[in-house]
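Please review the sequence and structure shown below. The briefing that follows is arranged by topic for a reader new to them.

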Amino acid sequence: MDFNQHVGIFFMTPEGLIMHLCPLEKGEHYGDFINYPYSHDEVWQKHYASAFNYKSFDFFPRGRIIYHKPTGTYFAYHDGCTGIITMILSSYYDSAKFVGKRDEHYKCRWCNPEYIDENNAPTYHGWKPDKCCEFRDADGKLTTPPRLVFRDLLFDV
């Protein structure tokens, strides 16, 4: 798989990674950057809210991959829980032109101490990421490193 020439958003869920990608020519141009044209909230509400017990789009760790036109560099802005996912995703791009950056804008339920869950549930069926960017099951054992299974990989727009 090769994601070069694509921008997108992603969510890390217990069932695996959800990615929505679109080709650069269909992305949204914003100054020197090309961005995926839909928000995490729009994609989550349309495709996933009911499958995940109507958890909010910001319940699970998430991120966004954008393209910097002048340098040809992809930037993956991500939640603190998804740093390792971003490193793995870099293997699907030209790694010399892929930069992972933690972005305080992206905070999942576990990274945001002020998060309010309408169901007051600290986990999703016992699953939660550890603060050190590793993933553990309900018994505290490390899951498969970190379950980079594409639950959904959609090339859309």
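**Aromatic pairs and a helix face**

Both F59 and F60 are buried, where buried means under 20% relative accessible area, exposed over 50% and partly exposed in between (1.4 Å probe, protein chains only). The model is predicted: local features need pLDDT of at least 70, side-chain atom pairs count only at pLDDT 80 or more, and totals for chains, interfaces and linings use all residues. Residues are numbered from 1 along each chain as its sequence is written, and side-chain values use heavy atoms, leaving out hydrogens and water.

**Aromatic rings**

- Rings of Phe, Tyr and Trp (its six-membered ring) pair if their centres lie within 6.5 Å, with planes under 30 degrees apart counted as stacked, over 60 as edge-to-face and the rest as tilted.
- By this rule there are 14 aromatic pairs.
- One of them joins Y36 and Y38 edge-to-face, at 5.9 Å centre to centre with 70° between the planes.
- Y36 is buried, at a relative accessible area of 2%, whereas Y38 is partly exposed, at 39%.
- F59 and F60 also form an edge-to-face pair, with 5.0 Å centre to centre and 85° between the planes.
- A cluster linked by ring pairs consists of F3, Y67, Y74, Y92, Y93 and F98.

**Helix 1**

- Helices (H or I, at least four residues) and strands (E, at least two) are DSSP runs, numbered from the N terminus.
- Helix 1 spans residues 40-47, and H40, V43 and W44 are buried in it.
- Seen down the axis, the buried residues of helix 1 fall within an arc of 100°, so they line one face of the helix; the arc is that of the directions from the helix axis to the C-beta atoms.
- Strand 1 (6-13), strand 2 (16-23) and strand 5 (62-68) are among the elements that cover these buried residues, contact meaning heavy atoms within 4.5 Å.
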